[in-house]
Amino acid sequence: MASFLPEIVLTSSPDGPIIAYDPHSGAIIAHFTGSRSPPKGLTLAGKSLIAASHISAAGAGSVNLYNWWSSAVFNHLPLPEPVAPLAATLDGTYLFAGGISGHVFSISLSSCRTIQKLPAHSKSVSCLEINDDGSLLVSGGDDGSIVVAPIFQLVAASPGRIKNPGNFVSHCFVGHASSVTAIRIGSCTSTMISCSADGTCKFWSLPRGLPLLTVTLPCPVAGLAIDPTDSHFYAAGSDGSIYIAAMKSPSRKQTKQSLQVMKWREKHGGAVISLAMLNQGGNLVSGSEDGSVWIWEAEKGQVMTVLGNEMVGISHLVVARGAANSRGSSAGLGMDMEEWREKSGLGAREMSRPVKKMEEMKEKLGVAVKDRSKAIDILESAIGAYERLLELILKEAKGGGTGNNKCGGKESM
């Protein structure tokens, strides 16, 4: 019978192994070797696989796959160019990788073959994100653009090159003056947030494809996190600080207004490159390029646990929830659940107590929020779909289009 670990923090590095931490005790519970991962080059493919971008000493690009019960690479997927950001469908069937040419590669994990590539950007792909229902892939590029594409089109298209990328893209946002470093999509709303090396965080209406609000920070931003109730967002500053602001649902009439942004007092010794939520939004985990990984109490903005400086640098971090295998050990890491609870100590038991209360609160809040926003989201989605259908009809009538120099700027060769 499968058993589960509540949460595991995974960090990757361009210089060292992937490390798995128990966030409750701070203990290292596993190492995964053999990958030199660039920024954003770590993701989870379902509950059973870990995927990491790998750039060899010769500069060749590939993706390494791991399972939870072995520290070694069990499958190696070569790609035609170096890739960095990764994202996977919720069931772990398909993997998406962003290349230095601006292409997004669609990979079938069952066959371990590249089935499609979309020329999404005119420069390197810098980040990838999949929305909560798994229907949309959102990519950010070094050219400052953001491309939204329906996943079913990227995996159902005939294998080979996409000759007309405009037909595969539902929206293209152009608003950042520099590389788009991270993208997050609210779970209770249709709002998307992007951040950039230009020091801005931008709010967008995902269904309508419209800009809503721009928040300017005093430094470049490399990572984002949104709490489970969409009440706050967190930004990773290159100055080592964490920035937080209340996340309202801005309308186009609020584009000239600004949100009040606060900075937490404690700061990393290097740029913060990645953020993720823990414990149903009660905690935030941050990773810095100096190798430090901190767990914060989100309500107070205080560091609770330091996971250690085990690496020269960190390129990305992700949180695995409910990772499992059929061998009866917790996430395949060589411990059963009783042993894990003992090693986790009092902190794990105490930190798990608020989870049920927060889950109950989240359910109650979620019902109210979703009931109120469901009709709006459905209407916006319908309008957006209708607009995209009209655009496709017009393109077909005119003989098709190829996109501009930022979004889908060049065809596959």
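1. Let's start with a pair of strands: E24 and E25 run antiparallel to each other and are joined over three bridges. Look for Ala-245, whose bridge partner in E25 is Val-261. Keep in mind that this is a predicted model.

2. Now zoom out to the sheet around that pair. It is an open sheet of four strands, ordered E22-E23-E24-E25, and the pairing is antiparallel. E22 and E25 (261-263) are the edge strands, each pairing on one side only. On average, neighbouring strands here are turned by 25 degrees against each other, direction ignored.

3. Another open sheet has four strands in the order E5-E6-E7-E8, again with antiparallel pairing. Which strands stand at its edges? They are E5 (42-45) and E8 (75-78); each has a single partner strand, so one side of each is left without a neighbour in the sheet. From one strand to the next, the twist averages 25 degrees.

4. Within that sheet, E7 (residues 61-67) pairs with E8 over four bridges, in the antiparallel sense. If you want a spot to check, Leu-65 sits opposite Asn-75 in E8.

5. On to the inside. The largest nonpolar core has 19 residues, and Ile-193, Cys-201, Phe-203, Leu-224 and Phe-233 have the most contacts inside it. Strands E19, E20, E21, E22, E23 and E24 each supply at least two of its residues. Leaving out residues up to four places away in sequence, Leu-224 touches several others, including Ile-193, Cys-201, Phe-233 and Leu-275.

Methods:
Residues are numbered from 1 along each chain as its sequence is written. This is a predicted model: local features need pLDDT of at least 70, side-chain atom pairs count only at pLDDT 80 or more; totals for chains, interfaces and linings use all residues. Side-chain values use heavy atoms; hydrogens and water are left out. Two strands pair if DSSP finds at least two bridges between them. Axes are lines fitted to C-alpha atoms, for helices over the stretch in contact, and angles run from 0 to 180 degrees between N-to-C directions. A nonpolar core is a set of buried Ala, Val, Leu, Ile, Met, Phe, Trp, Tyr and Cys residues joined through side-chain atoms within 4.5 Å. Buried means under 20% relative accessible area, exposed over 50%, partly exposed in between (1.4 Å probe, protein chains only). Contact means heavy atoms within 4.5 Å.
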